[in-house]
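Please look over the structure below before reading the notes. The briefing that follows is grouped by topic.

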Amino acid sequence: MEWKLLATVFGIVFLAELGDKTQLATFLFAAKEPQQLLTVFAGASLALIVASGIGVLAGGFLSQFVSERTLTLTAGAGFILLGVWTVFSAIRAT
C-alpha cells in the first residue's frame with residue numbers, strides 16, 4: 001500500500017466532504033434518531049464506501065482508454081462549469 005497516496009486521497013476527500021449535503025443529511029438523520037447513532041453511522045459509511053467504489057472502478061476503467069491529462073482537464077472543466085452554474089443560480093435567486 002502506498003501511504004502517501006492514501007493520506008492524500010483521505011485528506012482531499014475528507015476536506016471535500018466537510019459541510020457538504022451528505023454530511024448535513026447524516027447530521028439530520030442523527031438528530032432525528034439519537035438512539036440509533038450507530039445505525040445512522042453505518043448507513044452513511046456504507047453509502048460513501050459504495051459511492052467511492054463506483055468512482056474507483058469508473059476511474060480505473062476510463063484510464064484504460066483516456067489519458068490522465070484528458071481526465072484531469074475534463075474534471076477541472078466540469079468543476080469550473082459547476083461553479084459558474086452555482087454562482088449564476090445564486091444571483092438569480094436574489
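**Briefing on the predicted model**

The protein has four helices and zero strands, where helices (H or I, at least four residues) and strands (E, at least two) are DSSP runs numbered from the N terminus. The order along the sequence is α-α-α-α. This is a predicted model, in which local features need pLDDT of at least 70 and side-chain atom pairs count only at pLDDT 80 or more, while totals for chains, interfaces and linings use all residues. Residues are numbered from 1 along each chain as its sequence is written, and side-chain values use heavy atoms, with hydrogens and water left out.

**Overall form and surface**

- The protein has a radius of gyration of 17 Å, whereas a compact globule of 94 residues would have one near 12 Å. The radius is taken over C-alpha atoms, and the globule rule is 2.2 Å times the number of residues to the power 0.38.
- The C-alpha trace spans about 50 × 50 × 20 Å along the principal axes of the protein.
- Of the 94 residues, 3% are buried. Buried means under 20% relative accessible area, exposed means over 50%, and partly exposed lies in between (1.4 Å probe, protein chains only).

**Largest pocket**

- The largest pocket holds about 590 Å³ of space. On a 1 Å grid over the protein atoms alone, a pocket is an open set of points where a 1.4 Å probe fits, with protein on both sides within 12 Å along at least five of seven lines; lining residues have an atom within 4 Å of a point. Grid points are joined across faces, edges and corners, and the volume is the space filled by probe spheres set on the points.
- This pocket is lined by 18 residues, and Val13, Phe14, Glu17, Ser45 and Leu48 are the closest to its centre.
- At least two lining residues come from each of helix H1 (3–17), helix H2 (21–32) and helix H3 (37–62). H3 gives the most, with seven residues.
- The lining has 11 nonpolar, five polar and two charged residues. Ala, Val, Leu, Ile, Met, Phe, Trp, Tyr, Cys and Pro count as nonpolar, Asp, Glu, Lys and Arg as charged, and the others, Gly among them, as polar.

**Second largest pocket**

- The second largest pocket has a volume of about 460 Å³.
- Its lining has 13 residues, with Gly55, Leu71, Thr72, Ala75 and Phe79 nearest the centre.
- H3 and helix H4 (68–93) each supply at least two of the lining residues, and the largest share, six residues, is from H4.
- By class, six of the lining residues are nonpolar, six are polar and one is charged.

**Aromatic pairs**

- There are two aromatic pairs. Rings of Phe, Tyr and Trp (its six-membered ring) pair if their centres lie within 6.5 Å; planes under 30 degrees apart count as stacked, over 60 as edge-to-face and the rest as tilted.
- Phe10 and Phe14 form a stacked pair, 5.6 Å centre to centre with 15° between the planes.
- Both residues lie in H1, four residues apart, about one turn of the helix.
- Phe10 is exposed at 57% relative accessible area, and Phe14 is partly exposed at 43%.

**Val66**

- Val66 sits in the loop between H3 and H4 and is partly exposed, at 27% relative accessible area.
- Val66 and Thr26 are 40 residues apart in sequence and 35 Å apart in space, C-alpha to C-alpha.
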